[in-house]
Amino acid sequence: MVKPFILIPPSEGKSSGGTEPCWLETKQSFKNLETPRLQVISALAEAMKEPESNRTKLLGVKGKKVAEATSANLGIQKAKTLPAIERYTGVLYDALDYSALSAGLKRKVDQQVIIFSGLWGIVKPQDLIPDYKLKMGAKLQELGILSRFWKPYLTSALEECNIGCIWDLLPGEHSAGWDPVIAQKRIRVKFLDEVIKDGEKKLVSVSHWNKLLKGALVQYVVDNQLVDPDGLVDFSHPEGYVFAPDHSITNGNTTDIAFISKR
């Protein structure tokens with residue numbers, strides 16, 4: 001039976017601290033990524049020695065958050081860890097509401113959700129990781145833009161999983177970190193608002209709440225083991241978005257689908 005795998009981004013917001021051993025002492029889902037991870041950690045440590053202005057630009061934070069992020073990045077190797085699903089605290093993860101899921105649904109999420117990360121490449125929800133700050137679109141002097149650095153490694157790691165159906169819920173920055181040619185079937189999702197502009201109905205892409213909207217979708221796809229968009233016909237999104245099959249477009253192995261909310 002073909003199972004769906006769901007690719008999601010990490011979150012800017014992260015829980016601090018940890019209760020588990022440092023990451024090298026723990027079992028990781030993608031063991032073959034250990035070497036490139038160590039390369040990224042080393043390059044990041046060098047970048048943390050640069051002037052604050054450079055670190056501000058690299059990390060995308062300002063003020064006291066620069067020092068906090070620098071400290072976390074320099075402590076990655078020895079820092080205590082948390083499961084990735086607990087480390088990330090952004091709106092997508094809030095909407096997924098992992099802690100409230102049944103034990104059976106949690107097991108499916110643990111097995112079938114894959115999280116992209118500028119530092120780790122890809123991890124699964126129960127992989128133990130420390131606090132850190134690094135975007136997939138960041139450029140490290142020794143490695144270049146991280147999505148380009150990671151692409152061959154992540155493509156190979158995903159190919160080894162023999163995945164039949166991939167729901168690609170990644171933003172462009174993260175989606176650039178793998179080659180979708182390896183997927184038998186790839187489904188991408190967009191959320192659209194129907195608005196009246198200049199007296200005409202128009203569809204406008206949702207950007208600000210995009211991750212929140214995808215959180216509920218992740219739960220539904222895993223719970224129903226969907227490998228075909230047609231299974232979304234009965235999906236009632238909590239924010240009122242409805243699957244619009246007439247807006248689906250298939251090109252090669254990729255199908256782009258849309259949810260629409262009438263305002």
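This tour goes through the structure stop by stop, saying what to select and what is found there.

The model is predicted, so local features need pLDDT of at least 70, side-chain atom pairs count only at pLDDT 80 or more, and totals for chains, interfaces and linings use all residues. Residues are numbered from 1 along each chain as its sequence is written, and side-chain values use heavy atoms, with hydrogens and water left out.

**Stop 1: helix H7**

Select residues 146-160, which make up helix H7. Helices here are DSSP runs of H or I with at least four residues, strands are runs of E with at least two, and both are numbered from the N terminus. The expected span of a helix is 1.5 Å times one less than its number of residues. For the 15 residues of H7 that gives 21 Å, and the end C-alpha atoms are 21 Å apart, which agrees.

Now pick Pro-152, where H7 bends by about 35°. The bend is the angle between axes fitted to the seven residues ending at a residue and the seven starting there.

Next, colour the buried residues of H7, among them Leu-146, Phe-149, Trp-150, Leu-154 and Leu-158. Buried means under 20% relative accessible area, exposed over 50%, and partly exposed in between, with a 1.4 Å probe and protein chains only. An α-helix has 3.6 residues a turn, so residues three or four places apart point the same way.

**Stop 2: Pro-36, in helix H1**

Select Pro-36, found in helix H1 (residues 34-47). Pro-36 is buried because its relative accessible area is 2%. Show what lies around Pro-36: not counting residues up to four places away in sequence, it touches Phe-149, Trp-150 and Tyr-153. Contact means heavy atoms within 4.5 Å.

**Stop 3: two loop residues with positive phi**

Go to Asn-162, in the loop between H7 and strand S8 (165-168). Asn-162 has a positive phi of about 55° although it is not a glycine. Most residues other than glycine have a negative phi. With a relative accessible area of 64%, Asn-162 is exposed.

Then select Gln-225, in the loop between H9 and strand S11 (242-243). Its phi is also positive, at about 50°, and Gln-225 is not a glycine. At 14% relative accessibility, Gln-225 counts as buried.

**Stop 4: the nonpolar core**

Which residues have the most contacts inside the largest nonpolar core? Select Phe-116, Trp-120, Trp-167, Leu-232 and Phe-259; the core has 74 residues. A nonpolar core is a set of buried Ala, Val, Leu, Ile, Met, Phe, Trp, Tyr and Cys residues joined through side-chain atoms within 4.5 Å.

Stay with Trp-167. Leaving aside neighbours within four places in sequence, its contacts include Pro-4, Phe-5, Ile-6, Leu-7, Val-189, Leu-232 and Ile-257.

**Stop 5**

Select Asp-127, in the loop between strand S4 (121-123) and S5. Asp-127 has a relative accessible area of 3% and is buried. Beyond four places in sequence, Asp-127 touches Lys-27, Gln-28, Ser-29, Leu-82, Pro-83 and Ala-84.

Move to Ile-129 in strand S5 (residues 128-129). Ile-129 is buried, with a relative accessible area of 0%. Residues up to four places away aside, Ile-129 touches Thr-81, Leu-82, Ala-84, Arg-87, Tyr-88, Trp-120 and Val-123.

Pro-130 lies in the loop between S5 and strand S6 (139-140). Pro-130 counts as buried, at 0% relative accessibility. With neighbours within four places left aside, its contacts include Trp-23, Ile-76, Arg-87 and Trp-120.

**Stop 6: the largest pocket**

The largest pocket holds about 270 Å³ of space. Its lining has 20 residues, and the closest to its centre are Pro-10, Glu-12, Glu-173, His-174 and Lys-211. Helix H8 (172-175) and helix H9 (210-224) are the elements that give two or more residues to the lining. H9 gives the most, with 3 residues.

A pocket is found on a 1 Å grid over the protein atoms alone, as an open set of points where a 1.4 Å probe fits, with protein on both sides within 12 Å along at least five of seven lines; lining residues have an atom within 4 Å of a point. The volume is the space filled by probe spheres set on the points, which are joined across faces, edges and corners.
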